[in-house]
Amino acid sequence: LLIQNQYFLNENSLIQYIEWDALARISFVNCNFEKVHLPGKVFGSCSFQNCTFNHFNARKGKFSSCHFEGCKITNSDMTRAEFYDTHFKNCEFLGVDLAASDFDSCKFKGTKFFKSNLDFILVEDVKVWKLKGWAEVNDFSIFEKNSDE
């Protein structure tokens, strides 16, 4: 399912796409998510391209085999979220609470974190693009230099 150029003002505008507490195999392109609250929901094989998320709540959400490209996530609560086999390319996290989130088998390329809470993050098999190849990281300290800017 491809959804383009949509503005989701709250979770009710997404209700038709949620089945069994999950969003599965949906591609969102140029979409805006404003004050959308989806705590504990599962996102399976979803892709987000050039999307913006503001005051987005995905606390305890599960993102499996998802792709984020050119996305901007601001002032959002993603504490205790679980990311598995999820890729981030050219994304920005600004004022996002990611405390106690798990990242397993994820990749980051050109992604930055500003004023975001990265405390107690669990990292397993996470890779970051450096120069001309992927480098494995053991924690999120590589991103912390951007967190306080």
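Strand β16 (residues 107-109) runs parallel to β19, and 2 bridges join them. Strands here are DSSP runs of E with at least two residues, numbered from the N terminus, and two strands count as paired if DSSP finds at least two bridges between them. Within this pairing, K107 sits opposite K127 of β19. The model is a predicted one, so local features need pLDDT of at least 70 and side-chain atom pairs count only at pLDDT 80 or more, while totals for chains, interfaces and linings use all residues. Residues are numbered from 1 along each chain as its sequence is written, and side-chain values use heavy atoms, with hydrogens and water left out.

Residues 126-130 make up β19 and residues 133-137 make up β20, and the two run antiparallel with 5 bridges between them. V128 faces A135 of β20, and K130 has G133 as its bridge partner. The hairpin leaves 2 residues between the strands, and L131 there takes a positive phi near 55°.

D125, found in the loop between β18 and β19, is not a glycine but has a positive phi of about 55°. With a relative accessibility of 32%, D125 counts as partly exposed; that label covers the range between buried (under 20% relative accessible area) and exposed (over 50%), using a 1.4 Å probe and protein chains only. R80 belongs to the loop between β11 and β12, and its phi, near 55°, is again positive in a residue other than glycine. R80 is partly exposed too, at 43% relative accessibility.

Now for the sheets. Strands of a sheet pair through backbone hydrogen bonds, either parallel or antiparallel.

Strand β14 (residues 92-94) pairs with β17 in the parallel sense over 3 bridges, and L94 stands across from F114 of β17.

Leaving out residues up to four places away in sequence, T74 touches F53, N54, H55, L94 and V96, where touching means heavy atoms within 4.5 Å. The T74 side chain also makes a polar contact of 2.8 Å with the side chain of N54. Such a contact is a pair of N or O atoms within 3.5 Å; within protein, one must be able to donate a hydrogen and the other to accept it, and residues adjacent in sequence count only if both atoms are side-chain atoms. T74 is buried, at a relative accessible area of 12%.

What about the nonpolar interior? The largest nonpolar core has 43 residues, and F28, F33, F48, M78, L98, F103 and F108 touch the most other members. A core of this kind is a set of buried Ala, Val, Leu, Ile, Met, Phe, Trp, Tyr and Cys residues joined through side-chain atoms within 4.5 Å. Beyond its neighbours within four places in sequence, F103 is in contact with residues including F83, F88, L98, F108, I121 and F140.

Rings of Phe, Tyr and Trp (its six-membered ring) count as a pair if their centres lie within 6.5 Å; planes under 30 degrees apart are stacked, over 60 edge-to-face, and the rest tilted. That rule gives 27 aromatic pairs. F63 and F68 are a tilted pair because their ring centres lie 5.9 Å apart with the planes at 55°, and both residues are buried. F103 and F108 are tilted too, with centres 5.8 Å apart and planes at 55°; F103 and F108 are both buried.

How values were computed: Helix = DSSP H or I, 4+ residues; strand = E, 2+ residues; numbered from the N terminus.
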